[in-house]
Structure formats: structure tokens, C-alpha cells
Amino acid sequence: MNRHWTQDEIRWMRANVGRMDLQSASRALGIPLVEVEKMARELQAASAGAAARKPPSTHREAARELSHAHKLFEKGMEHLHRREMEPAARCFAEVVDLHPDEHELVDRARTYLSVASNGKREKDKPLRDPVEIYHAAVFEKNRGNPSRALELLKKADRDGTDGRVAYLAACCHALSGDVEAALAELRRAIRIDRQNRVQARIDADLATLRTHPGFGDLLLEG
């Protein structure tokens, strides 16, 4: 079984590998030499990959890198929701290490890297953080499970003031075929944040609402 490394231990290894021999590192950390050697190889491979990375020179290359970053992130989320914390942490760490230019995605990856690392010790605890719950709901919606996403959203916005949650709920209801509930949530989302009206005009998740007169009325309201 692979040893669980804490983020503090990994940071220490990154800072010190190459500056001291691995036997000394093993003694300093109190970790068996074989595990220290394995982690050193992983860090060196990651470092080599980052060093070899060239910035994209064309729009197509940039799009390919962004797609790879998002696939890594989604894979990490999939592991996270199955409570597979170590592979989740590896995916999020790869996003951070290999795609530093994708600032928004890297910030989210760092958040979930921390969640995955802490979750190794707390696997059986349910999701509690509203941001974490919201992204879990996005994941469920994207994988074709809007009913599960709606269950999660009930826990993500207890005071009813988060426009993102209302908008996502509208999308989930629309995908489930519940037009009236979708329109009600969309109305609330737009009331909280008018930018949601702009997004609603182009969102494929809301396609089932487009023939309903109430949808057009929402988009035209001041």
C-alpha cells in the first residue's frame, strides 16, 4: 500500500530533495527510505515534465491544453465524490503543476487538493462547505444526474441568496423536464444577479424552456 503523504511533507520534499541525500531526508521526516525514494522519483518526474512544458504557440494548442486541464480537474472531482482521496489529490496537483496559466481552474484545483488531502483522514464525513457542495452539484449535473444535483443544492444555499445555486437549480429542473420549477428558479436567479439573464439566452441546459412563453417574458423583464 502506498504511504499517505501530507501536503506539508510533500512541500518539505520539494524544498529539500537535491539539497540533501535521501537517507538524511528519511531520518529528518521519520519516513522509511523506500517511501522517500519513491516520492523523490515522483517529484523529479513532475519537475521534468514542468520544465519541458512550452507555452502554447497557437490558439489550437492553447485550447488543447485547456481541455486537458479541465479533463484532469473533472477526473479529480470524480475521484473526490467516490471518496478516492489519493487519486483525487494527484489529479488536482497535476492541474496546479502542469497548467499554471489557467488561474481560475488552478485556484479551484488548489481548494480541492486541500479537500482531498484532508479527506484522507476524514473519508466518512459528508460534504459541508457550500462551495464544495455547489461544485459537487455541477459535477452531478454534467454527468447526467440532475436529481442528485438538486439534492445537493438544497444544502448549498440555505438562505436563498446565492444566484449561482438558483441558476444551477433552474438548469437541473429543466433537464429533468420540470418546466415550472425551472422557471421559478430562473426567476430567482435573475432577481439575485441580472447577469444570469444573459447566460440563460445561450445555455443549452435550458433548451426545454425556450418554447414556454414564461421564458421569453423573463428574458425581456427589466
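Q: Which residues of α5 are buried?
A: In this predicted model, the buried residues of α5 are M85, A88, A89, C91, F92, V95 and V96, where buried means under 20% relative accessible area with a 1.4 Å probe, protein chains only, and helices are DSSP runs of H or I of at least four residues, numbered from the N terminus.

Q: Where do they sit around the axis of α5?
A: They cover an arc of only 160 degrees, which puts them on the same side of α5; the arc is that of the directions from the helix axis to the C-beta atoms.

Q: Switching to D205, where is it found?
A: D205 lies in the loop between α11 (195–200) and α12 (213–220).

Q: Buried or exposed?
A: D205 counts as buried because its relative accessibility is 18%.

Q: What does D205 touch?
A: Not counting residues up to four places away in sequence, D205 touches K141, C171, A174 and L175, with contact meaning heavy atoms within 4.5 Å. The side chains of D205 and K141 are also joined by a polar contact of 2.6 Å, that is, a pair of N or O atoms within 3.5 Å, one able to donate a hydrogen and the other to accept it within protein, and residues adjacent in sequence count only if both atoms are side-chain atoms.

Key: Residues numbered from 1 in each chain as written. Predicted model: local features only at pLDDT ≥ 70, side-chain atom pairs only at ≥ 80, totals over all residues. Heavy atoms only, no water. Helix = DSSP H or I, 4+ residues; strand = E, 2+ residues; numbered from the N terminus. Buried < 20%, exposed > 50% of the residue type's maximum accessible area, 1.4 Å probe, protein only.
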